[in-house]
Each structure stands twice: as structure tokens, then as C-alpha cells.
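Please keep the sequence and the 3D view open while you read.

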Amino acid sequence: MAERVDIVVVGGGPVGSTLALALRESGLSVTVLEARSAGVASSDRRMLALSEGSKLILQRLGVWRALSAQATPIATIHISQRGRLGRSVMHAQDEGQEALGYVLSYASLADALDRQLLEAGAARVLNDTRVDALESAEAEARVHYSGAGASGSMAARLVVLADGGRSLNDLPGMKREVREYGHCAVVGRVTCEFDHRHIAYERFTPEGPVALLPDGERGFALVWTADPVSAEVLCGLDDAAFLERLRRHFGDRVGRFLTISGRAAFPLKLATLRPVTAPHLAVVGNAAQTLHPVAGQGFNIGLRDAWELALTLRDTSAQDVGGPEMLARYRARRQLDTGGGIFFTDFLVRAFSNDLPGLAAARGAGLTLLELVAPAKRFVARKMSFGANG
Ligand SMILES: Cc1cc2nc3c(=O)[nH]c(=O)nc-3n(C[C@H](O)[C@H](O)[C@H](O)COP(=O)(O)OP(=O)(O)OC[C@H]3O[C@@H](n4cnc5c(N)ncnc54)[C@H](O)[C@@H]3O)c2cc1C
């Protein structure tokens, strides 16, 4: 006999945890099933650029208090292309914002969310529990799980899949389209000669974009996109050789690179799921859309998925949770924002990561135009901060 709850969240990563927190005091019983053991997210090395809009959501959930000391504000974003003319610079003060974004580690975000979830008693969290299959039907959805020496099934008015697209692929009535970019992101933390002055650099090169995000007092989080063979070579170089390659690739805008630590490589792809709902099932975060990190949009969009789903659920009577009308309202709330984020990110990757004749000049003209036309710059800054609905 399957246990019955209102909401089952599959995956207690940043998006799943945000949803569970946003549902506290909603009157709905929420269970989170998470494959990893408690505290294990701390080993994930990726750094995230959080938008101002995401900060506001985390503030409302009471998570930002614990995070603000670990988050480095971005006051300026400097966008350029290597060896070509054209650049654009955005300043937080020109946009009337405290910051254009915040840099913090995936691990500290996951830890803060886990702790707040526990303290707020917002949901029952079962760690070391892996969902192996899920079913969607007219009356309810069901998950089958195993772990911690036990296995079983749970039925829910709504199952929310937030597994990051990491495990469950065979989803009822849904199709996932995947386009491999043939790129990996080599990440790490560098220190350099000059202070970062809270400037984030995004530099486009024919081999792919490279980003330096201000991190802590003096360091930068590095996201260096390269083809898989080059990424493997970069990860295997000794520190001095790696830093010399980085200097040649990025230039000397931040002075000499002094140290590198925590190198790791992530393969990059665009994966989109259509549709993102089935009867009594909703898919959110990276499980619904996995993006290239070039525009730092992936988690920010996932966070808005979780927030908007929670708002939709709060506006729904218990017996209609997971029903067609509720799910249609959720899809309508998200369509423009996720579609815009996917298009914008994919456009940047395609337009800026090649050396086709004529395109470099067009990119230069585009960046110059963005620089000269204040309303266009404000539009881009606002969409990056608050999403397409912002
Ligand atoms: C190099 C890199 C840099 C990035 N930079 C940025 C950035 O600057 N800004 C930004 O917004 N985004 C960025 N992203 C994207 C961001 O990391 C993701 O969007 C975000 O982590 C998605 O969160 P999620 O909770 O959906 O999935 P995940 O973080 O993948 O979490 C999924 C959770 O589900 C659990 N799980 C998986 N399968 C199961 C199962 N079967 N049963 C139970 N639990 C399960 C996992 O253990 C995990 O805890 C970056 C990504 C990369 C690779």
C-alpha cells in the first residue's frame, strides 16, 4: 500500500529545496526525496551568478541572511570579444540596482537551503532515497523509491521532478531534446594581481566564452569554455602552465594570474523538455531546461520555476492540486520566461563562439550599439536580473 501525501518533490537540489521552502505554511504536506546524503552537496565545485531577482526570492524565504556574507556583489559587467573591437559595460548604479548579481558557490547555496528547510520544518526530507521510476495518471502520480535499506512507493496529488535532469529520462508523455554543444566548462578559482573591484568579465573567443566572476576579497571564479579534448588538457596542466594559458586566452585586464585551485570540468548541453507537465506531474529547474552557463541563467530560471509553482499551488484548492487547470496556469506563468532564457542563452553561444567571416564585425557592432543605446542596455540588464516577465 503506497503512502499518500499532497506533494512529493524528487530531488532536494537548490530548485527542489526552494520549492519545498516556498510551500511552508501552505497547508500542503510536502515530502522531499533526495538521493545524496545530508551535507554532501558541499563537494560540488561550481560557482553560480545569482540575479538580483533571485536574491529577492531567497530573501523572502529567509535564506539570504545566511548567504549574504558569502556572496560577492557584481557592480559592473564587462563584455568583450578577444582580438576584435566592440565591448559593452553595464553598471548596477545606472540600472538603479544595488548589484547586477551575486557570485556564490553551489555548495554554500545548497547548505543554506538545507539548513533553512530543516529549521523551518517546511517539509519532510528523506536523504539517501533515490526515486527509480514515476507514473502519472488521471487521479494521482506515484513514485517508486529505494534507499537507506528500504524501498517503497508514494502517491501524491502532485509529483514535482527536480532531479536536475540527472537521472529520470523516461517521462510520461514528455520528450527531451538534447543538443550537445561539444563544449566543456573548466571551472576553478583564480587569484590575480589586481583587485576585482566587483567587476565580472565575460570575454567571447572563437573557442568559446570565458568568464571571470568576482569571488571573495581578491579572487575570481573562472568558467572557461573549451572543447572536451582541450578541457582535459587544461585540467591536467600544472598550475603555472594553466595560468600562462589563461593569460594568453583572457589577456591582462586583471594583471598577472597568481594561483588556481579547485579545477573541475562539466560537459555542456542544451536540453529542453516538452511539455513540462503531465497529469499530477510538473518538471522544474534543470530537469526541465539545462542551459549553457554563458549567461548565468540556469539556476535563476529554475528558481523562478520553483517560486511560480509555489505561488500557483497556493492559489489552488487542495482537491485541484495537480489537475489540468492548475497545471495549465503554471505553464502559462512560465512560458515566456523559460522560452526567452533558452533563446537568449543559445543565441549567445551560437553567435559568439565561432570565427565565421563577417560575424565578428557584426558582433562588434552589436556590442558597440548596446554600449551606445542606453535603453537597450537597460532592457538587457533588467531581463537578466528579473527574467522575461520582469
Ligand atoms: C559550470 C556551471 C556553471 C553554472 N553557472 C551558473 C550560473 O552562474 N548561474 C546560474 O543560474 N546557473 C548556473 N549553472 C546552472 C546551475 O548549476 C543549475 O541550473 C542548477 O544547479 C539546477 O538546480 P536543480 O536543483 O534543478 O538541479 P541540481 O542542482 O542538479 O540538483 C538535483 C538534485 O536532485 C538529486 N537527484 C537526482 N536524481 C535523483 C533521484 N532519482 N532521486 C532523488 N534525488 C535525485 C541530486 O542528488 C541533486 O541534489 C551552472 C552550471 C554549470 C555546469
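In this predicted model, H280 is found in the loop that runs between β17 and β18 (281-283). The phi angle of H280 is near 65°, which is a positive value in a residue other than glycine. With a relative accessibility of 8%, H280 counts as buried, because buried means under 20% relative accessible area.

**The chain as a whole**
- The chain contains 10 helices and 19 strands, and of its 390 residues 54% count as buried.
- Among the contacts in the chain with a separation of 6 or more, 73% are accounted for by residues 24 or more positions apart.

**Other loop residues to look at**
- D128 sits in the loop between β8 (124-126) and β9 (130-136), and D128 has a positive phi of about 55° although it is not a glycine.
- The relative accessibility of D128 is 36%, so this residue counts as partly exposed.
- R274 and P275 are joined by a cis peptide bond, with omega about -15°, and P275 is placed in the loop between β16 (257-274) and β17 (277-278).
- P172 belongs to the loop between β11 (150-161) and β12 (175-192), and with a relative accessible area of 28% P172 is partly exposed.
- Although P172 and P279 are 107 residues apart along the chain, their C-alpha atoms are separated by 9.1 Å.
- When its neighbours within four places in sequence are left aside, P172 is in contact with L134, S136, A278 and L281.

**Helices α2 and α7**
- Two packed helices are described by the angle between their axes and the distance between the axes.
- For helix α2 (residues 52-60) and helix α7 (residues 298-314), the axes come within 10 Å and cross at roughly 40°.
- The two helices α2 and α7 are therefore oblique to each other, and α2 passes α7 in a left-handed crossing.
- On the α2 side of the contact are S54, I57, L58 and R60, which meet N300, L303, R304 and W307 in α7.
- Sorted by class, the residues in this contact of α2 with α7 comprise 4 nonpolar, 2 polar and 2 charged.
- Helix α7 is mostly covered, since 15 of its 17 residues are buried.
- At 1.5 Å a residue, the 17 residues of α7 should span 24 Å, and the end C-alpha atoms of α7 are 25 Å apart, which agrees with that expectation.

**Helices α1 and α4**
- The axes of helix α1 (residues 14-22) and helix α4 (residues 106-120) come within 10 Å and cross at roughly 25°.
- Angles under 35 degrees count as roughly parallel, so α1 is roughly parallel to α4.
- As α1 passes α4, the crossing is left-handed.
- In this contact P14, S17, T18, A20 and L21 of α1 meet Y106, L109, L113, D114, Q116, L117 and A120 of α4.
- By class, the contact of α1 with α4 is made up of 8 nonpolar, 3 polar and 1 charged residues.

Methods:
Residues numbered from 1 in each chain as written. Predicted model: local features only at pLDDT ≥ 70, side-chain atom pairs only at ≥ 80, totals over all residues. Heavy atoms only, no water. Axes fitted to C-alpha atoms, helices over the stretch in contact; angles between N-to-C directions. Helix = DSSP H or I, 4+ residues; strand = E, 2+ residues; numbered from the N terminus. Parallel < 35°, antiparallel > 145°, perpendicular 65-115°, else oblique. Left-handed = near helix turned anticlockwise from the far one by under 90°. Contact = heavy atoms within 4.5 Å. Nonpolar A, V, L, I, M, F, W, Y, C, P; charged D, E, K, R; others polar. Expected span 1.5 Å × (residues − 1). Buried < 20%, exposed > 50% of the residue type's maximum accessible area, 1.4 Å probe, protein only.
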